[in-house]
Amino acid sequence: YLSAKTAEDSFDNFLNQRKMHEDNPAYYADVFSYFFSWNDESKTKAILNYILQVEPNNVELLKELAFKLEEAQKYDLASLVYINVLKLKPEDSQSFRDLGLMYAETGKPQRSFELLSSILIDNLDETTSSPASNEVISMQQIARKEVNNLLQKNKGINTESMNSLHSENAKYDLRIVLDWNRDNADIDLQVIDPQLEMCFYSYPKTQIGGNLTPDVQTTFGPEEYTIRNARPGDYYVRVSYDNALEKNDSPTFIKMTTFKNYGKPSETKAVKVIRLNKNNGEEIVAKITI
């Protein structure tokens, strides 16, 4: 690939090599990322279509492709991938959330609301004794913010199906959300604030107002850090992880979505996709300045 002079040359390389690597999902992940550097949408779509044909049931790989498309702001293509993931994982609320967020990005607010609000549970008391209670509570807290953020931006949405108890003020100076592509990876979001106080799963509330959702271990995420009134300074995002990767597994990727002024007119959003190359470790993956 390094010898290729054009995107066409690179694509010819892919056509010649793909059969040799058809049992290696990491190859498809790397090639897909590589073609973004050419900024050739037709070739990127061709690679995506091929992967969807040869790895239609590989949820880990499909989610990684969707992460990369989100990072590149190719939300329509990401939606197509997430539709496939939802068909494969209809029991996973993360599948509804992923697609719902893409509908919000592609001008379909009502469809986005229907998917995101379907995650909300009216009576959490029934789930608190469940082994999966952290996953349920964390997802509910995150989806509630996203539903209310959507409603703040789109006044014409039909909200008859939503319990008024789920209404809240979804405005934050800083919001960080971590998702990952492997449900058997244990990923922990940690944030070190300007006072050098670390917000993590066993210390989820900091002195300056930082909050972390409950730790999740058996899903694709998400975990979320929010602070409503952020103190100026540097916030370091730290990830602790245990991959449990086997030889031919798809590599582990995390998607970090950072919002400044979430829910406000000046809201900004940035998506960063990071490959975890070791089976376990701790890494500072970003510095965010407020």
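Helix α8 supplies the largest share of the lining of the second largest pocket, 3 residues, where helices (H or I, at least four residues) and strands (E, at least two) are DSSP runs numbered from the N terminus. The model is a predicted one, in which local features need pLDDT of at least 70 and side-chain atom pairs count only at pLDDT 80 or more, while totals for chains, interfaces and linings use all residues. Residues are numbered from 1 along each chain as its sequence is written, and side-chain values use heavy atoms, with hydrogens and water left out.

A pocket is taken here as an open set of points, on a 1 Å grid over the protein atoms alone, where a 1.4 Å probe fits and with protein on both sides within 12 Å along at least five of seven lines; lining residues have an atom within 4 Å of a point. Grid points are joined across faces, edges and corners, and a volume is the space filled by probe spheres set on the points. The second largest pocket holds about 180 Å³ of space. Its lining comprises 13 residues, those nearest the centre being Q141, K145, K205, N211 and L212, and two or more lining residues come from each of α8, β4 (211-212) and β5 (223-227).

The largest pocket has a volume of about 380 Å³. Of its 23 lining residues, L101, A104, E105, F259 and K269 are the closest to the centre, and helix α6 gives the largest share, 5 residues. By class, this lining contains 9 nonpolar, 4 polar and 10 charged residues, with Ala, Val, Leu, Ile, Met, Phe, Trp, Tyr, Cys and Pro counted as nonpolar, Asp, Glu, Lys and Arg as charged, and the others, Gly among them, as polar.

The count of salt bridges, each a side-chain nitrogen of Lys or Arg within 4 Å of a carboxyl oxygen of Asp or Glu, comes to 19.
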